[in-house]
Structure formats: C-alpha cells, structure tokens
Amino acid sequence: MEPLRPRTIRDGLAVYCFGDGEPMLLMPGPHRFQRPGLRSADELIDGLVGLGRAVVTFDPPGSGSSTRPADLGMSEMYGCAVEALDACGVTGPVDALGHSMAGLVLLAYLLDRPQRLRRVVLVGTGSGGPAYMRAPGAMWNRGHPAFPAVAALGSLHLLLRRRGSERALNNLIERHSFHDPGQARPEPIGPGDWLQPAEGFAHWHTIARKIDLSGRLGDVARPVLVVCGAHDPQFPPSCSRELESGIPGARLVLFPDSGHYPFIEEPAPFWQEVGSFLP
C-alpha cells in the first residue's frame, strides 16, 4: 500500500490516486472517511490495484484529511467525485465500485450522472432505506438477534457522538457483519475516546433511510455487476436481488461463505468475478 497521504488537497478536499493503469473510481462511504486506515477501503484499494487499475477516491468533506465542511447529501458526494476525477486528470467515463452505503451513493450517481460512468460494481448495497431497513435478516429490524443491542448503542451514540460510542457501535456491527466472526477486528476503545468527537457521521443514516431508488432502477443504462455475501446482515441478499431484477442486464453474484465483506472473506473468487466484469 502506498503512503497514507492525499495526492492533492483541492479546496479542502483530500483526493487519492493509487496504482497505475486504467482509472477507476472507488466511491467512499458518506458516513465514514475513506482513508487512512479503514480496513474495508484498504482491501478494496489493494484488490483494484491488483487488477491493474489506478484507483481514484477521496475523503468526504469533514473527515479524514479533508478540511472542507460537510454538507451531507448526494449532491455533495456527486460534486466531490467529479472533483476527485478531475484532480487526477480523468475526463472521460470511468468504471466505478461502491460498497455498502457507498454503493447506494454510486447507484444514485449512476442514475443522475450516467455520462461519467462506464461500468459499475455494486457490493453489498441496495436501492435505499426501505429496502435494507425491512429486509429479512437485516440487523436494522427486530428479525435479527443483534437488533436490540444495535438500537441501544445507536441511540447512545446519537446522543453522545463521541469516538468511544462510535467505536463501540462499529465494533458491534462489524462482529455481526462477518459470516466468520473471527474475521472481525474490533477497534480498541480507551478512556480518552469518550472525550474525543466521533470521526464519522452517524446521522447520515437518518438521510439514507429516506432514500428510495427502487422506482428508478429500470432507468440504469450501464452494465452493472451486483455482488453480495449470502449472510450479509447490513444489506441482505434480498436487496441485491431487487437490484438484479430491476436494473436491465444486471448480473448478481452471491458468495456463500460471506457476510457484508465478501472481498475479505472470499477474496479470490470475489476478485475473479470483478476482474472478469472489468477486463
């Protein structure tokens, strides 16, 4: 992995470009900074670089190395994606990948700015809040055994918004998001973390719950690969099946031994599928 510093900071937006080859946009999650050190982002960057791609991404405003104040909205993420591509000298349509909430942002970007994209990989995501909040097996409803603990810690974090409450909530979610819980890597929580402000934007979820792109899926006019772990409790397989059935020509790949992170739990077949889709 290259040094954890932006390629450039453009008007307060930290932009990164890793690797060489054909450029590819990695959409960051709007609720957590992309770099440095977020495990899921590191794994995706390494995998895409391994496919011979130059990966363009950015720290969303208000997080990571970005000093620009956060506005928290789709238009902000769209604009930052364009700025990041421009800053790395990318002018034409590019392939793109988004995981989880970043996948939801990328789907919206695909619908609203299709001219900037060529092929899209959506990993462990869905059409919006109604899809993942009501999905069978989702930890966001009473059908999942972790729901009471997630709801309690989530409420506490929205009240405190401290690094300690954020890490406790993220650790709980991560532990239940792997098919093999031994793959989880909880973040340490020290006494000082309860005094520090949170690093992410938990209130993004109040925005995401109101987003519903299900009625627009038929308007997608680019090739789309939909990827999901068969045991994903954040965006269960029903969310990906909805994308496959609604997006013309979309192809769905389910990974039988994965939860929310198939690129960590089943990396070899995951990157084989993505590499075949992105020749």
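This section describes helix packing, helix faces and selected loop residues in a predicted model.

Helix α5, spanning residues 147-160, packs with helix α6, spanning residues 163-177, at an angle of about 160°, and their axes lie 9 Å apart. Because angles over 145 degrees count as roughly antiparallel, α5 and α6 are assigned to that class. The crossing of these two helices is left-handed. On the α5 side, the contact is formed by A149, V150, L153, G154, H157 and L160, while α6 contributes S165, E166, A168, L169 and L172. Sorted by class, the residues of this contact comprise seven nonpolar, three polar and one charged.

The second pair consists of α2 (74-87) and α3 (101-112). The axes of α2 and α3 come within 10 Å and cross at roughly 80°. Since angles of 65 to 115 degrees count as roughly perpendicular, α2 and α3 fall into that category. From α2, the residues M74, M77, Y78, A81 and V82 meet L104, V105, A108, Y109 and D112 of α3. This contact contains nine nonpolar residues, no polar residues and one charged residue.

Helix α6 also carries I173, a residue that is counted as buried because its relative accessibility is 12%. With neighbours up to four places away in sequence excluded, I173 touches M139, W140 and Q234. The C-alpha atoms of I173 and F147 are 9.8 Å apart, with a sequence separation of 26 residues.

An α-helix has 3.6 residues a turn, so residues three or four places apart point the same way. In α8, which comprises residues 237-246, the buried positions include P237, C239, S240 and L243. Viewed down the axis of α8, the buried residues fall within an arc of 155° and therefore line one face of the helix. The elements that cover them include α3 (101-112), β6 (117-123), α4 (129-134), β7 (224-229) and β8 (251-255).

In α10, comprising residues 267-277, the buried residues are F270, W271, V274 and F277. These residues cover an arc of only 120° around the axis, so they are placed on the same side of α10. On the other side of this helix, A268, Q272 and S276 are exposed. The buried residues of α10 pack against α1 (39-50), β6, β7, β8 and α9 (262-265). Strands β6, β7 and β8 are also among the elements that cover the buried residues of α8.

Most residues other than glycine have a negative phi, and most peptide bonds are trans. Against this background, L72 has a phi near 55°, a positive value in a non-glycine residue. L72 is located in the loop between β4 (53-58) and α2, and its relative accessibility of 15% means that it counts as buried. A positive phi, near 60°, is likewise found at S100, which is not glycine. S100 occupies the loop between β5 (94-99) and α3. With a relative accessible area of 10%, S100 is buried.

Two further loop residues are partly exposed. R222 lies in the loop between α7 (204-208) and β7; its relative accessible area of 26% places R222 in the partly exposed class. When neighbours within four places in sequence are set aside, R222 is in contact with L110, P114, Q115, L117 and R118. The C-alpha atoms of R222 and L254 are separated by 21 Å, the two residues being 32 apart along the chain.

P197 is situated in the loop between α6 and α7. At 47% relative accessibility, P197 counts as partly exposed. Apart from residues up to four places away in sequence, P197 touches R161, R162 and R163. P197 and Y16 are 181 residues apart along the chain, and their C-alpha atoms are separated by 25 Å.

Notes
Residues are numbered from 1 along each chain as its sequence is written. This is a predicted model: local features need pLDDT of at least 70, side-chain atom pairs count only at pLDDT 80 or more; totals for chains, interfaces and linings use all residues. Side-chain values use heavy atoms; hydrogens and water are left out. Axes are lines fitted to C-alpha atoms, for helices over the stretch in contact, and angles run from 0 to 180 degrees between N-to-C directions. Helices (H or I, at least four residues) and strands (E, at least two) are DSSP runs, numbered from the N terminus. Angles under 35 degrees count as roughly parallel, over 145 as roughly antiparallel, 65 to 115 as roughly perpendicular and the rest as oblique. A crossing is left-handed if the near helix is turned anticlockwise from the far one by less than a right angle, and right-handed if clockwise. Contact means heavy atoms within 4.5 Å. Ala, Val, Leu, Ile, Met, Phe, Trp, Tyr, Cys and Pro count as nonpolar, Asp, Glu, Lys and Arg as charged, and the others, Gly among them, as polar. Buried means under 20% relative accessible area, exposed over 50%, partly exposed in between (1.4 Å probe, protein chains only). The arc is that of the directions from the helix axis to the C-beta atoms.
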